[in-house]
Amino acid sequence: MTSVLIVNDQSLQRLGLRMLLAAEPDLTVVGEAATGADAVRLSAELRPDVVLLDSGVADTDGIATIRRIAHPSLLPLVSELTGAGGQRPRVLVLTPASRERSAYAALRAGAAGFLLQDATPDELTAAIRIVAAGDAVITPGLTRTLIETVRQQRPVRPLGGEAGLGTLTGRERDVLTAVASGWSNAEIAERLSIAPTTVKTHVSNILAKIGAHARVQAVVFAYESGLVRPAA
């Protein structure tokens, strides 16, 4: 059973989301929050698998909210409750098309997925399951926007630090390149002729070495570091 915390400042929208998720046998809503501050508090108290965060929550900086939920070092109560090896909540952001470019900042802050608000119910529930399983979700239409934003706004200090890329082995670079190309673990295993479990181990090692907290952040890192370059 995947537990979900709904964060939305509109009560009717929260109700609609709760009803939608209640119809899924493997999903359960453990709480609702109308503000970023409540989202942070309830993430610590309820320890949901997924935080479904609407980008319209405006009482506090949305990026700061994502960062506090996704990074336990910034939320001591989460670390205390889950323990050093506990899984932190994974943040799935819902946003209107007009805020596409905020995806870049959200993903760097620790979001595990980004979905447009006009997604279908099936797309939303599928995204929740994917994020809960540890993978990343980016709405197909956002991919080009994300890559273009990375190209235009490459930071002076890439995610993971300047030495991040240098810590990766040759095989880990191959796997990271494949991840940034949108391949699944199964596809990477087949194309690189390695076992799926080995791919999973490589991905875990890559995330640890570059200081990323989700697979999608590794994609951002791959472009920022220059390992993968956007097509012209």
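**A close look at D54**

Mentor: In this predicted model, the side chain of D54 makes a polar contact of 3.4 Å with the side chain of N8. A second polar contact, of 2.7 Å, links the side chain of D54 to that of Q117. Is D54 buried or exposed? D54 is buried, because its relative accessible area is 8%, and buried means under 20%. When neighbours within four places in sequence are set aside, the residues in contact with D54 are V7, N8, Q13, L94 and Q117.

D54 belongs to strand β3, and we may now turn to the sheet. Six strands form an open sheet in the order β2-β1-β3-β4-β5-β6, and their pairing is parallel. Strand β3 therefore stands between β1 and β4 in that order. At the edges are β2 and β6 (137-138), each of which pairs on one side only. Within the sheet, β4 (residues 90-95) and β5 (residues 113-116) run parallel and are joined by four bridges. V93 stands opposite F114 in β5.

Which residues of α1 are buried? They are R14, L17 and L21. Seen down the axis of α1, these buried residues fall within an arc of 65°, so they line one face of the helix. The face turned away from that buried side carries the exposed residues L12, M19 and A22. The length of α1 can be checked as well: at 1.5 Å a residue, its twelve residues (11-22) should span 16 Å, and its end C-alpha atoms are 16 Å apart, which agrees.

In soluble globular proteins, nonpolar side chains tend to be buried together. The largest nonpolar core here has 23 residues, of which V175, L176, I188 and I210 touch the most other members. Two or more residues are given to this core by each of α8 (170-180), α9 (185-192), α10 (196-210) and α11 (215-224). A second, separate core has 22 residues, including V51, L53, V57 and V91.

Technical notes: Residues are numbered from 1 along each chain as its sequence is written. This is a predicted model: local features need pLDDT of at least 70, side-chain atom pairs count only at pLDDT 80 or more; totals for chains, interfaces and linings use all residues. Side-chain values use heavy atoms; hydrogens and water are left out. The expected span of a helix is 1.5 Å times one less than its number of residues. Buried means under 20% relative accessible area, exposed over 50%, partly exposed in between (1.4 Å probe, protein chains only). The arc is that of the directions from the helix axis to the C-beta atoms. Two strands pair if DSSP finds at least two bridges between them. A nonpolar core is a set of buried Ala, Val, Leu, Ile, Met, Phe, Trp, Tyr and Cys residues joined through side-chain atoms within 4.5 Å. A polar contact is a pair of N or O atoms within 3.5 Å; within protein, one must be able to donate a hydrogen and the other to accept it, and residues adjacent in sequence count only if both atoms are side-chain atoms. Contact means heavy atoms within 4.5 Å.
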